[in-house]
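Here is a short report on the chains shown below. Please keep the sequence and the model in view while reading.

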Amino acid sequence: MTINEIAVALSDRFGDRIKDLNNEATDPWVEVAAEGWDEVALFLRDDERLKLDSLCDLTAVDYCEPDPKKQAKFGHDEHLEVVFHLYSFVHRHRATIKVKLPRWKDGVVGELPACPSVAHVWAIADWHEREAYDLLGIDFTGHPNLQRILCVEDWVGHPLRKDYEFPKEYHGIRN
Amino acid sequence: MSSTLQDPRVIEFDVRTDEMLVNMGPQHPSTHGVLRLLLKTDGEVVHETTPHIGYLHRCAEKIGENLTGPQWIPYSDRMDYLAAMNMNLGMALTFEKLLKIEVPEKAMTLRLIIAELNRIASHLVGMGAYGLDLGSFSPFLYAFREREIVLDLFEELCGARLTYSYITIGGATHDIPKVIPIPPGLAELTHRSHNEKIEWVDALRLFLDWLEKRIFEYHTLLTRNSIFIKRTAGIGVLPRDMAISYNCTGPVLRGSGVDFDLRRDGEPIYTRMYEGYQFDIPVAPFEDAPPEVVLGDNWCRFFVRMLEVSESIKLVRQGLDRYPTAKGDYRVPFKMSTKLPKDEAYLETECPRGQMGFYVVGNGDAEPLRARAKSSCFCNLSITAPLCQGVLIADVPAIVGSLDIVMGEIDR
């Protein structure tokens, strides 16, 4: 199936929860609302026409420009995007799904934005979500074990955020 | 449960003792780096395994967001240092996909020769190290002897032995060299004079002829060896559905019986490199496997790797035949400061350890807004927890080793 057909199949089933379709990008993508994303994911995996049974990659992108001089040229609203690259071994087609989140929950700095976990849909999402939580600060609600995976457990901040500041010291070890 | 002498596991389950926490690593030889496995054991039986990663975390993605594409390429070498050429290729192709660059035929042929040669070198280490994990030492030495010649050839090609950065955006940095001093290992093995000068291409052909004959030796030493079969057959069985759900790729996936290889089934920008080449994709189950072997066990994963070496030899030979008549140049010019469009590209390529994915988001600058590397070993390692449940402690290195992981790729 092409991305257009996938978007139609999703819109038929979920209506307004399918928010956007970009079929001109190098990798065309469909945007899905954060609420109820896990239901959409289950449909993507199990529907006979789609059968997207493999989650190739789960990552997030921080759209933010901390430098005020460059902000005018930046051209994006500040937000986070969780990107899912899916592949079907049955039908041999690919799909890219995006879930857009605010950078902070309710605009309160330090409160992590929430996205439903899909660890029960694709088993590998367990580790990828832990990685995205660790490095980009996204709260995957319903995840069985949302702990840091690459950084140590008591690390402060999420290093792949654009406005992350490197710590001056860690447990007495100075830079 | 009644206990039998045949299966120690059954006895162990009958005689329960206190649970014990055992730390395996961070310096276990089978991990080729630093991995810590926390085992919850009852006697010899492992009840729970928790892999702890992150010891090497070098922030390759964060660094990538502050560098341009060609500057980021050397970091891909450090991720999978055993197959750095394949990693260079994956990263270069992703940028080419984003920037819509077409690579000439000659560059593609050259890339194929180099990438497949690196696949051979990588599988040789995987095979040798796995023998070492199971306590057999000779195959390790033999494999390194063979790999040494490949490294000598790479050294003549680009000056480096481990971190090549040779394949870059638009092609490769150099063309294949003409005449080189014969690699000492090759001279020794083929009884030639050490002072001889030889064409690089001829040296490679000589090596392939020699290696092809030696593969039989590996099969005698490992896959047909009864101790090896006892340690691998029926252990660490990974069913097909689980392999797909955990996104296991490469030999691990094909060892579980999924016929999938990106060199044939991938995206056009990658598969056009392999168009017109004759090669097979080894997939379990194998007809000639010993009777103890179960689909998706350690033995199958290992055997897929062994067969892939022969297939890569075939591919390199065909590439060498095509190379002299291939059209175009070995690279197209590419500026360091080329601006990336406001677009994004994700591309997976078939590295020796599995499918390595790169994801680049551009935003009008030369530096990408997001540079991401999805590693195959990260996914392959995540199945150790379910695979190591209820096995003996001695089977844990056998299972972890059969996944052929490189920690640089997991931690990035």
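Predicted model: local features only at pLDDT ≥ 70, side-chain atom pairs only at ≥ 80, totals over all residues.

Residues are numbered from 1 along each chain as its sequence is written, chains are lettered from A and ligands numbered from 1 in the order in which they are written, and side-chain values use heavy atoms, with hydrogens and water left out.

**Salt bridges**

A salt bridge is a side-chain nitrogen of Lys or Arg within 4 Å of a carboxyl oxygen of Asp or Glu. Over all chains, the search finds 53 salt bridges.

| Pair | N to O distance |
|---|---|
| Arg49(A) and Asp47(A) | 3.1 Å |
| Asp209(B) and Arg317(B) | 2.7 Å |
| Asp265(B) and Arg264(B) | 3.0 Å |

The pair Asp209(B) and Arg317(B) links distant parts of the chain, 108 residues apart. Asp209(B) lies in helix 8 (residues 200-223) of chain B, and Arg317(B) in helix 14 of chain B. Helices (H or I, at least four residues) and strands (E, at least two) are DSSP runs, numbered from the N terminus.

Asp209(B) is partly exposed at 38%, and Arg317(B) is partly exposed at 23%. Asp265(B) is buried at 19%; Arg264(B) is partly exposed at 41%.

Salt bridges with shared partners also build one network. Among its members are Asp57(A), Lys162(A), Glu61(B) and Arg412(B).

**Surface patches**

Patches are made of residues with over 30% relative accessible area and no salt bridge; like charges are joined within 9 Å, and nonpolar side chains (Val, Leu, Ile, Met, Phe, Trp, Tyr) within 5 Å. Accessible areas come from the Shrake-Rupley method with a 1.4 Å probe.

Lys70(A), Lys73(A), Lys339(B) and Lys342(B) form a positive patch. Lys73(A) sits in helix 3 (residues 71-74) of chain A and is exposed at 67%.

A nonpolar patch consists of Leu132(B), Phe137(B) and Leu141(B), which together have about 280 Å² of accessible area. Phe137(B) is in the loop between helix 5 (105-133) and helix 6 (138-158) of chain B. Phe137(B) is partly exposed at 49%.

**Backbone features**

Asp106(A) has a positive phi, near 55°. Asp106(A) occupies the loop between strand 5 (94-101) and strand 6 (114-116) of chain A, and is exposed at 70%. His191(B) also has a positive phi, of about 55°. His191(B) is in the loop between helix 7 (184-189) and strand 7 (197-199) of chain B, exposed at 74%.

The peptide bond from Ala284(B) to Pro285(B) is cis, with omega near 0°. Pro285(B) belongs to the loop between helix 13 (268-271) and helix 14 (298-322) of chain B.

**A covered helix**

How many residues of helix 17 (residues 395-402) of chain B are buried? Eight of its eight residues are. Asp404(B) follows this helix, with a positive phi near 50°.

**Cysteines**

A disulfide is a pair of cysteine sulfur atoms within 2.5 Å. The count over all chains is zero. The sulfur of Cys115(A) is 18 Å from the closest cysteine sulfur, in Cys56(A), too far for a bond. For Cys388(B), the closest cysteine sulfur is in Cys248(B), 13 Å away, also too far. Cys115(A) is buried at 0%, and Cys388(B) is buried at 0%.

How values were computed. Buried < 20%, exposed > 50% of the residue type's maximum accessible area, 1.4 Å probe, protein only. Lys, Arg positive; Asp, Glu negative; His and termini not counted. Charge placed at Lys NZ, Arg CZ, Asp CG, Glu CD.
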